[in-house]
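Good morning, colleagues. Please look at the structure I am about to show, and I shall then go through its interfaces.

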Amino acid sequence: MAVKKLGIQTVKLMNPPSILETATITGSKEGEGPLGQYFDVVLSDDLYGEESWEKAESKMTREAVKLAINKANLHPDNIDYMFSGDLLNQIISSSFAARELQIPFFGLYGACSTMTESLSLSSMIIDGGYADYVIAATSSHFASAERQYRFPLEYGGQRPPTSQWTVTGAGAALLSSSGSGPYITYVTTGRVMDFGVKDANNMGAAMAPAAADTILRHFKDTGFNPAYYDLIITGDLGKVGKELAVELVKKGGYDISNIYTDCGVEIFDLTEQDVHSGASGCGCSAVVFCGYLYKQLKEGNFNRILLISTGALLSPTSSQQGESIPGIAHAVAIERSV
Amino acid sequence: MEKKLEKQLSEEFKNMVDKNNPQSSIIKDCIFAFVIGGLICDIGQFFMNLFLSFGIPEDNVGFYVATVMVFLGAFLTGLGIYDNVAKYAGAGTIVPITGFANSIVSPAMEFKREGYILGVGARMFIIAGPVLVYGISSSVIVGIIYYFIKYFVK
């Protein structure tokens with residue numbers, strides 16, 4: 001019997017894993033943003049000394065994982081599993097990083113929801129007693145995402161105001177069966193939701209229903225209300241999607257507006273940094289969580305947060321064939337003490 | 001969310017999105033497109049006058065001007081300037097022939113890392129390709145129509 005299952009989509013972790021260390025590597029634009037001081041490494045060259053954007057992104061994942069392991073005075077050999085994914089075709093950033101790291105590897109694809117997807121699975125594998133040390137990681141790179149999903153970098157096009165800017169960044173979290181917190185306590189796994197948005201330049205709107213659904217489901221399954229948390233933060237809905245998510249959750253019966261924000265709104269200065277509706281990409285919630293939020297939890301500025309990374313499960317092919325954009329959102333509750 | 005709420009919200013959602021969507025400022029975009037697109041045309045006109053003053057026949061001067069403008073578009077793309085201007089100019093930088101040069105040079109630069117054959121060669125016309133296909137096709141059709149009209153209306 002699934003004794004740890006709570007309600008329909010939530011798991012309560014009986015032996016909550018502790019987040020031992022985190023590491024973040026970001027591009028220069030992210031470093032100039034309001035959260036720049038919280039990132040471990042800010043690259044001055046977004047190519048990271050490599051020949052291609054893809055190689056640079058993979059190196060960012062690899063180095064972020066290594067850094068997180070180093071901070072905990074461990075060695076890659078000590079790590080039982082690595083869960084990681086990214087946006088590139090066949091998740092090459094993650095698997096090529098895992099090729100170097102030689103940690104037993106589960107490759108994930110959850111688009112930009114990968115940070116909480118990897119945290120969810122890492123937590124459950126530790127709670128289940130299958131591992132003591134697990135890495136959860138993800139990355140995205142503005143330039144590699146643009147060339148795969150949109151236009152060449154030097155192409156002279158205009159972006160609509162609903163568009164978002166893919167974060168160049170990699171985040172890695174090292175989870176352990178022992179440690180002094182912060183702990184992952186609940187995992188709510190999302191369903192794929194599609195309310196029929198077709199505009200690939202408005203992914204915030206496409207993902208907002210999934211985010212709202214997972215938040216509502218989390219409250220229903222756990223019996224908590226928004227006041228339980230100091231902060232509820234979605235992954236990369238941007239300004240447009242954030243407003244829609246608040247409205248949808250409100251229609252579901254909960255008012256989260258005063259404790260809710262979105263990583264995609266926080267990481268950039270929306271008026272100064274020319275990012276239109278905000279940030280997107282796997283790296284967005286990864287570096288905001290592994291950089292800013294983790295440190296705030298450590299310092300006690302937050303006691304309980306609910307992180308909901310959001311993913312748009314489209315591909316250039318599905319868009320060209322006229323399909324609408326399915327969204328997904330996974331929530332993890334992170335608490336300072338248990 | 002519960003099934004009933006989900007159904008209701010999915011029906012309301014389109015209106016919610018439309019209401020929330022920030023709109024581009026059409027007037028501002030048109031002014032930028034007009035001014036910057038107009039400047040590009042001025043540069044073209046300048047070269048046309050220059051070539052005419054060199055005594056190049058009027059029938060041929062268009063080729064000379066097009067060559068110079070395509071070069072300028074490609075050159076500014078290579079320097080990484082064209083896309084920064086286009087961010088403001090929109091149609092003002094896409095419509096002139098400099099925009100056509102940009103749409104070919106930018107993928108050529110981007111996909112160089114995949115090699116000269118499958119990268120540059122195969123992807124160079126990824127944006128301009130449709131323009132060429134339909135531009136050439138429609139000019140053939142117009143040519144045939146023109147031929148018959150001339151044939152019958154003499």
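First, some conventions. Residues are numbered from 1 along each chain as its sequence is written, while chains are lettered from A and ligands numbered from 1 in the order in which they are written. The model is predicted, and local features need pLDDT of at least 70, side-chain atom pairs count only at pLDDT 80 or more, and totals for chains, interfaces and linings use all residues, while side-chain values use heavy atoms, with hydrogens and water left out.

Let me begin with the two chains. Contact, meaning heavy atoms within 4.5 Å, links 37 residues of chain B with 35 residues of chain A. The size of an interface is often given as the accessible area lost when the parts come together. Here the buried area, taken with a 1.4 Å probe and summed over both parts, is about 3,200 Å², with 56% of it on carbon and sulfur atoms. On the chain B side, Met1(B), Phe13(B) and Arg113(B) lose the most area to chain A, together 23% of what that side buries.

How many salt bridges are there between chain B and chain A? The count is eight, a salt bridge being a side-chain nitrogen of Lys or Arg within 4 Å of a carboxyl oxygen of Asp or Glu. Asp274(A) forms a salt bridge with Lys87(B), their closest N and O atoms being 3.3 Å apart.

Which elements of chain B give two or more residues to the side that touches chain A? They are helix 1 (3-20), helix 4 (82-89) and helix 6 (97-110) of chain B, where helices are DSSP runs of H or I with at least four residues, numbered from the N terminus. Helix 1 of chain B gives the largest share, eleven residues.

I turn now to chain A itself. An automatic or database assignment sets the domain bounds, and chain A is divided into domain 1 (17-176) and domain 2 (183-335). Their C-alpha centres lie 18 Å apart. Between them, 55 residues of domain 1 of chain A are in contact with 53 residues of domain 2 of chain A, and the area buried is about 4,100 Å², of which carbon and sulfur atoms give 66%. In domain 1 of chain A, Tyr38(A), Cys112(A) and Gln164(A) lose the most area to domain 2 of chain A, together 17% of what that side buries.

Across this domain interface the rule finds one salt bridge. The side chains of Lys295(A) and Asp40(A) meet in a salt bridge at 3.7 Å, N to O.

Definitions and conventions
Buried area = accessible area lost by both parts, 1.4 Å probe.
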